[in-house]
Amino acid sequence: MDRKDSAAVMKKGRIVHVFGYFLLILLVIPGAAARVYIDIDSPGFQKFPLAIADFRQTGGDPDEAGLSRWFPDATARYLDMTDYFQIKDRRAFLETARSTAGDPFKVEFPDWTTIGVDYLVKGVFILRGGAVTSEIRIYDTVKAEEVFRRTYTGTVDGKAEMAGRMAGDILAALTGTRPLFDSQIAFGRKTPQGAEIFSVNFDGSGIAKRTAEYALVFSPQWSPDGRYLSYTSYRSGTPAVYIKDLKQKVTRMVTPYRGMNLAGPWSPDGRKMLLTLSRDGNEEIYSLEIATGTLKRLTRHFAIDVSPCWSPDGGSIAFVSNRSGSPQIYVMDAAGNGVRRISYEGGYNTSPAWSPRGDRIAYESRTGGGFQIFTINPQGEDLQAVTSAAGGVHEKPAWSPDGRYLAAISRKGGRHRIVVIGMSEMKTRTIYESTWKCSGLAWSH
Amino acid sequence: MRKVALHACITLIVMIVSLMMFQGCAKKPVVQEDVARAPQAEKAVQAPEEDQAVREDTGELAKLGKTVPEEAPPPKSGKAERLGYFVVSTPDGDYVFYDVHFDFDKYAVRAEDRDALNRYAKWFQDNRRYDVLIEGHCDEVGTEEYNLALGERRADAVRRYLVDLGVAAERIRTVSYGEAYPLDPAQTEEAYAKNRRAHFVVSFEK
């Protein structure tokens with residue numbers, strides 16, 4: 001909740017008034033001198049050397065779970081995933097517990113700068129009957145000053161969630177970016193009884209089966225608030241779009257039209273969803289207004305039109321059409337006008353995904369080495385390869401909410417993987433792996 | 001010293017003004033959210049026994065389709081084997097419908113399949129109490145969603161062919177399974193060619 005409010009304030013502050021900057025300071029980095037430290041978007045960005053000292057227990061029950069080391073390790077694991085930090089190994093640390101014995105938050109700054117650490121995280125915790133209270137502080141070791149502190153409460157059982165919050169705060173305090181650690185990636189996967197929609201956390205934890213369809217499923221889509229999950233299921237024998245209300249645990253069948261019914265993305269404002277339907281004779285793209293149930297047809301062409309996605313401002317739609325004779329990526333405005341083709345390299349280009357930053361459209365293209373992922377700008381220029389055949393075949397790109405990562409399905413040697421690719425370093429991390437075939441991805445907002 | 005005091009004073013004013021603005025604009029979404037959610041909670045308290053109905057009335061999705069069970073019925077035991085043909089047994093004997101095949105990324109009926117389709121059309125003319133479901137399938141090479149569309153085009157191309165030869169349109173249903181049910185799971189050109197197909201499922205009238 002706290003984080004969401006901050007994000008909302010950040011957005012408004014920038015647009016509405018001059019003093020927004022002060023709000024940002026007050027909310028994001030309470031009790032600290034404030035500025036955004038690491039410009040992760042600068043072209044010369046280098047990973048920031050960060051150390052997380054072992055947490056000191058300041059009271060309570062014996063530390064049987066080994067939290068003293070568990071917290072720094074778990075937090076470091078989260079931060080390492082972002083590709084922004086170079087986490088220093090604790091074996092390099094010079095500062096001893098003895099030198100800071102009296103005060104756990106005493107920092108021997110030269111001990112850290114000597115080993116090349118620019119930022120230091122220290123933590124303490126108290127354990128009482130399964131409950132944990134912990135405080136962390138972040139230091140700029142070069143300036144020898146504290147930049148952030150916060151206290152957390154939780155349980156030993158819920159320690160992973162606590163570490164996630166800590167990592168999120170560290171990331172936000174040092175880079176000003178919204179943490180992705182609580183975002184989820186939904187995908188379809190075959191099961192012994194059919195196929196289901198699953199979701200997995202950004203860090204590869206928390207795999208969960210979201211549906212019980214016992215039938216073919218395709219194209220999971222999150223609503224912007226994460227409350228609804230829409231998808232296509234063949235549970236009734238033919239394809240229809242379903243929406244699951246994850247909060248109230250209610251499922252609706254939304255489009256029981258003749259022929260194809262494919263779920264497409266929700267609009268950025270959550271008011272509409274895109275669909276591919278063949279109810280009017282062949283596959284066309286439609287938008288469905290959630291509040292009224294009004295269906296509006298956007299494409300009119302005898303060719304296949306499929307796989308639409310929104311631009312982040314909701315003003316444009318990218319989609320696949322074979323109107324030129326082979327599947328290619330097209331862009332049109334949100335009313336279906338001004339259709340123009342943007343992909344010209346290659347004879348088979350599909351699965352467009354528009355970056356939340358607006359400047360790139362990712363898609364998959366059939367190459368000599370099987371399907372691989374590329375990005376291009378919305379004008380159809382500046383084509384760049386993201387994946388290569390070395391990692392297998394890559395399909396179905398999906399952007400992270402901050403546009404800094406792409407999730408994709410990778411296939412190699414009978415294994416199906418969900419991978420996350422950091423766009424700054426093109427480093428790939430596997431977050432899920434199965435011998436069962438996986439399909440269509442969506443990243444929660 | 002005086003400069004520092006002045007600085008502190010300005011900073012304080014700025015902070016106060018900022019906080020006031022924060023109250024004014026930043027809190028709004030939170031309040032709106034509460035208002036939007038309140039009626040649901042109220043109704044749930046009033047009529048807990050009509051749980052399903054309450055959900056139906058208050059949801060943001062009320063205008064969309066209809067509610068269905070959270071879980072679909074589990075599948076009947078035994079997995080149907082996929083074959084490249086379909087045998088229909090009639091009082092006059094068995095009749096075999098062979099799959100018809102397609103080129104990569106194409107859905108035009110091939111010349112070599114026309115004779116077979118002509119025979120099938122005649123069979124449907126002669127056996128008017130039978131209906132058919134035409135399944136459209138693809139190889140695994142393409143993209144899943146595009147293949148769903150392509151499979152539909154293939155099934156539809158065969159349907160149109162039969163309709164043009166006089167089979168009543170209402171006797172023919174189509175469904176696309178895209179690349180989900182390959183006949184041959186091998187990753188070879190030969191297998192892909194087998195998997196790009198339209199498959200017939202013929203049933204006695206319903």
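Mentor: Before we start, two strands pair if DSSP finds at least two bridges between them. Helices (H or I, at least four residues) and strands (E, at least two) are DSSP runs, numbered from the N terminus. This is a predicted model, where local features need pLDDT of at least 70, side-chain atom pairs count only at pLDDT 80 or more, and totals for chains, interfaces and linings use all residues. Residues are numbered from 1 along each chain as its sequence is written, chains are lettered from A and ligands numbered from 1 in the order in which they are written, and side-chain values use heavy atoms, with hydrogens and water left out.

Trainee: OK. In strand 5 of chain A, what's the bridge partner of A:Gly123?

Mentor: A:Ile136. Strand 4 (residues 119–128) and strand 5 of chain A are antiparallel, with 10 bridges.

Trainee: How many residues sit between strand 4 and strand 5 of chain A?

Mentor: The hairpin has 2 residues between the strands, and A:Gly129 in the turn has a positive phi of about 50 degrees.

Trainee: And how many bridges join strand 5 to strand 6 of chain A?

Mentor: 10, again antiparallel, with strand 6 covering residues 145–155. A:Tyr139 is bridged to A:Glu146 in strand 6 of chain A.

Trainee: Why is strand 5 of chain A largely enclosed?

Mentor: Because 8 of its 10 residues (131–140) are buried, meaning under 20% relative accessible area with a 1.4 Å probe, protein chains only.

Trainee: New topic. What order do the 4 strands of the open sheet in chain A take?

Mentor: 22-23-24-25, with antiparallel pairing. Strand 22 (349–354) and strand 25 (384–385) of chain A are at the edges with a single partner strand each, so one side of each has no neighbour in the sheet.

Conventions
Buried < 20%, exposed > 50% of the residue type's maximum accessible area, 1.4 Å probe, protein only.
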